[in-house]
Amino acid sequence: MQAVLRVLAAGRDVAEMGTAYGETAAVVAETARSVVTVERDPERAAIARERLAGFDNVELLEGDVYDELRDRGPFGLVFVDGGLRPVDPARWEAIFALVEPGGILFKDDMTPGRPVEGDEVREFFLRDPRLVATEILVTPEMAAIVAVKLRAG
Ligand SMILES: C[S@@+](CC[C@H](N)C(=O)[O-])C[C@H]1O[C@@H](n2cnc3c(N)ncnc32)[C@H](O)[C@@H]1O
């Protein structure tokens, strides 16, 4: 999953929802132009801050991702991790607004082989006509959704 994100992030401005301990942010920062990552848990944020201290292109924000990223972006890649569920239309629009036209939304931790119907996350990502999206198998046990925001017109 991190290897895929590292590739997708290359040269882009990246936002990560949920830093946790900063493991993925550190990998993505190797190729991204910039990374803004948000964590609401102060203890996790403190550990991540230490891990990410050496990266000039990483900004770690502490708080709720929807508050912290409201006036930021748009980003070329948004890693949709913490704070997604339960998905509702307002949250979905807030996430959608973070991505620039032609930019990418990435969601991991999907159980492979499940139907779209009745799966709140799959329905938002895979049925939104403003996106082109598909699932990829990242490991035998984990799928991810990669979605590109269509350019208007
Ligand atoms: C699966 S972990 C993130 C892992 C990290 N993205 C990585 O790959 O290394 C999810 C994190 O999201 C954080 N989180 C959940 N809801 C959040 C929210 N609304 N705003 C900010 N962080 C949130 C949790 O505290 C948790 O640390």
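Mentor: The structure is a predicted model, in which local features need pLDDT of at least 70 and side-chain atom pairs count only at pLDDT 80 or more, while totals for chains, interfaces and linings use all residues. Residues are numbered from 1 along each chain as its sequence is written, and side-chain values use heavy atoms, with hydrogens and water left out.

Trainee: Which residues around the ligand are the closest?

Mentor: Gly-18, Thr-24, Glu-39, Arg-44 and Asp-81 are the closest of the 17 residues that surround the ligand, where a residue counts if one of its heavy atoms lies within 4 Å. By residue class, this shell holds four nonpolar, six polar and seven charged residues. Gly counts as polar in this scheme, and Asp, Glu, Lys and Arg as charged.

Trainee: Why is Ala-20 called partly exposed?

Mentor: Its relative accessible area is 24%; buried means under 20% and exposed over 50%, with a 1.4 Å probe and protein chains only, so Ala-20 falls in between. Ala-20 is in the loop between strand 1 (13-17) and helix 2, and its phi is positive, about 55 degrees, although it is not a glycine.

Trainee: What makes such a phi worth noting?

Mentor: Most residues other than glycine have a negative phi. Asp-109, in strand 5 (residues 99-110), also has a positive phi, near 65 degrees. Asp-109 has 49% relative accessibility and therefore counts as partly exposed.

Trainee: How do you know whether the peptide bond from Gly-73 to Pro-74 is cis or trans?

Mentor: Omega is near 5 degrees, and the bond is cis. Pro-74 is in the loop between helix 4 (65-68) and strand 4 (75-79). The bond from Arg-85 to Pro-86 is also cis, with omega near -5 degrees; Pro-86 lies in the loop between strand 4 and helix 5 (89-98). Most peptide bonds are trans.

Methods: Helix = DSSP H or I, 4+ residues; strand = E, 2+ residues; numbered from the N terminus.
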